[in-house]
Amino acid sequence: GAGWGGLGAAWHLSQQQDQFKVTLIDAAPKVGGLIRDGFTTKNGRPCEAGQHGFWDEYLNIFSLVEHELKLTDVFTDYAPQGQYSPR
(Lines give C-alpha, C1' and ligand atoms only; values in the text may rest on other atoms or scores of the structure.)
Protein backbone atom coordinates (compact mmCIF):
# COMPACT_ATOMS: atom_id res chain seq x y z
CA GLY A 1 0.00 0.00 0.00
CA ALA A 2 0.98 3.62 -0.44
CA GLY A 3 0.45 4.88 3.09
CA TRP A 4 3.37 6.11 5.19
CA GLY A 5 4.50 2.57 6.00
CA GLY A 6 4.42 1.40 2.40
CA LEU A 7 6.11 4.56 1.12
CA GLY A 8 8.87 4.23 3.73
CA ALA A 9 9.45 0.55 2.99
CA ALA A 10 9.48 1.12 -0.78
CA TRP A 11 11.97 3.97 -0.45
CA HIS A 12 14.25 1.91 1.81
CA LEU A 13 14.22 -1.06 -0.57
CA SER A 14 14.88 1.20 -3.56
CA GLN A 15 18.07 2.44 -1.88
CA GLN A 16 19.64 -1.05 -1.65
CA GLN A 17 22.25 -0.88 -4.45
CA ASP A 18 20.37 -2.59 -7.30
CA GLN A 19 19.14 -5.45 -5.11
CA PHE A 20 15.45 -4.72 -5.66
CA LYS A 21 13.22 -3.35 -8.38
CA VAL A 22 10.39 -1.72 -6.44
CA THR A 23 6.83 -1.25 -7.64
CA LEU A 24 4.39 0.29 -5.19
CA ILE A 25 0.73 -0.68 -5.63
CA ASP A 26 -2.23 0.76 -3.78
CA ALA A 27 -5.96 0.12 -4.09
CA ALA A 28 -6.73 3.85 -3.82
CA PRO A 29 -6.23 6.28 -6.72
CA LYS A 30 -4.05 8.56 -4.53
CA VAL A 31 -1.16 7.80 -2.18
CA GLY A 32 -1.31 8.66 1.50
CA GLY A 33 -3.17 5.86 3.24
CA LEU A 34 -5.15 7.22 6.17
CA ILE A 35 -3.78 10.76 5.79
CA ARG A 36 -4.97 11.41 2.26
CA ASP A 37 -8.10 13.44 1.75
CA GLY A 38 -11.33 12.11 0.41
CA PHE A 39 -12.84 10.54 3.50
CA THR A 40 -16.33 11.46 4.62
CA THR A 41 -18.25 10.86 7.82
CA LYS A 42 -21.31 8.64 7.68
CA ASN A 43 -23.34 11.87 7.34
CA GLY A 44 -21.31 12.88 4.25
CA ARG A 45 -19.13 15.56 5.89
CA PRO A 46 -15.58 15.76 4.43
CA CYS A 47 -12.84 14.79 6.87
CA GLU A 48 -9.28 13.52 7.08
CA ALA A 49 -8.62 10.22 8.82
CA GLY A 50 -5.38 11.55 10.30
CA GLN A 51 -2.03 9.99 11.09
CA HIS A 52 -1.59 8.11 14.33
CA GLY A 53 1.98 9.28 14.88
CA PHE A 54 5.59 8.31 14.31
CA TRP A 55 7.66 6.62 16.98
CA ASP A 56 11.41 6.00 17.21
CA GLU A 57 10.97 2.69 15.34
CA TYR A 58 9.88 4.47 12.12
CA LEU A 59 13.45 4.72 10.86
CA ASN A 60 12.48 4.42 7.17
CA ILE A 61 10.08 7.36 7.43
CA PHE A 62 12.59 9.59 9.21
CA SER A 63 15.27 8.69 6.68
CA LEU A 64 12.91 9.34 3.73
CA VAL A 65 11.88 12.76 5.05
CA GLU A 66 15.41 13.84 6.01
CA HIS A 67 17.56 12.41 3.21
CA GLU A 68 15.31 12.10 0.18
CA LEU A 69 12.84 14.93 0.72
CA LYS A 70 15.44 17.10 2.50
CA LEU A 71 12.89 18.39 5.02
CA THR A 72 13.79 19.54 8.51
CA ASP A 73 11.70 20.42 11.53
CA VAL A 74 8.70 18.56 10.12
CA PHE A 75 7.78 16.47 13.13
CA THR A 76 6.81 17.70 16.56
CA ASP A 77 7.77 16.03 19.81
CA TYR A 78 5.45 13.47 21.33
CA ALA A 79 2.35 14.99 22.87
CA PRO A 80 -0.26 13.01 24.79
CA GLN A 81 -3.68 13.39 23.26
CA GLY A 82 -7.14 12.04 23.66
CA GLN A 83 -9.10 10.10 21.12
CA TYR A 84 -12.80 10.73 20.73
CA SER A 85 -15.35 8.31 19.41
CA PRO A 86 -19.08 9.02 19.41
CA ARG A 87 -19.84 5.35 20.13
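Predicted model: local features only at pLDDT ≥ 70, side-chain atom pairs only at ≥ 80, totals over all residues.
## Overall layout

Let's start with the big picture. The protein chain has two helices and two strands, and going along the sequence they come in the order α-β-β-α.

Of the 87 residues in the protein chain, 14% are buried. The chain exposes about 7500 Å², with 53% of that area supplied by carbon and sulfur atoms. As for how contacts span the sequence, take the ones between residues at least 6 apart: 36% of these join residues at least 24 apart.

## Helix α1 and its partner

Helix α1 covers residues 4-14, and its buried residues are Gly8, Ala10 and Trp11. Looking down the axis of α1, these buried residues sit within an arc of 165°, so they line one face of the helix. Some helix geometry is handy here: an α-helix has 3.6 residues a turn, so residues three or four places apart point the same way.

What do the buried residues of α1 pack against? Their partner is α2, which spans residues 59-68.

Leu69, Leu71, Val74 and Phe75 together make a nonpolar surface patch of about 330 Å². One of these residues, Phe75, is found in the segment after α2.

## Two residues with positive phi

Gln17 isn't a glycine, yet its phi is positive, at about 40°. You'll find Gln17 in the loop between α1 and β1, the latter being residues 39-40. The side of the story told by accessibility is simple: Gln17 has a relative accessible area of 68%, so this residue is exposed.

Lys70 is the other case. Its phi is near 55°, again a positive value in a residue other than glycine. Where does Lys70 sit? Its place is in the segment after α2. With a relative accessible area of 64%, Lys70 is exposed, since the cut-off for that label is over 50%.

Notes. Residues numbered from 1 in each chain as written. Heavy atoms only, no water. Buried < 20%, exposed > 50% of the residue type's maximum accessible area, 1.4 Å probe, protein only. Helix = DSSP H or I, 4+ residues; strand = E, 2+ residues; numbered from the N terminus. Arc of directions from axis to C-beta. Contact = heavy atoms within 4.5 Å. Patch = residues over 30% accessible without salt bridge, like charges linked within 9 Å, V, L, I, M, F, W, Y side chains within 5 Å. Areas by Shrake-Rupley, 256 points an atom, 1.4 Å probe, with all protein chains shown as cover. Salt bridge = Lys/Arg side-chain N within 4 Å of Asp/Glu carboxyl O.
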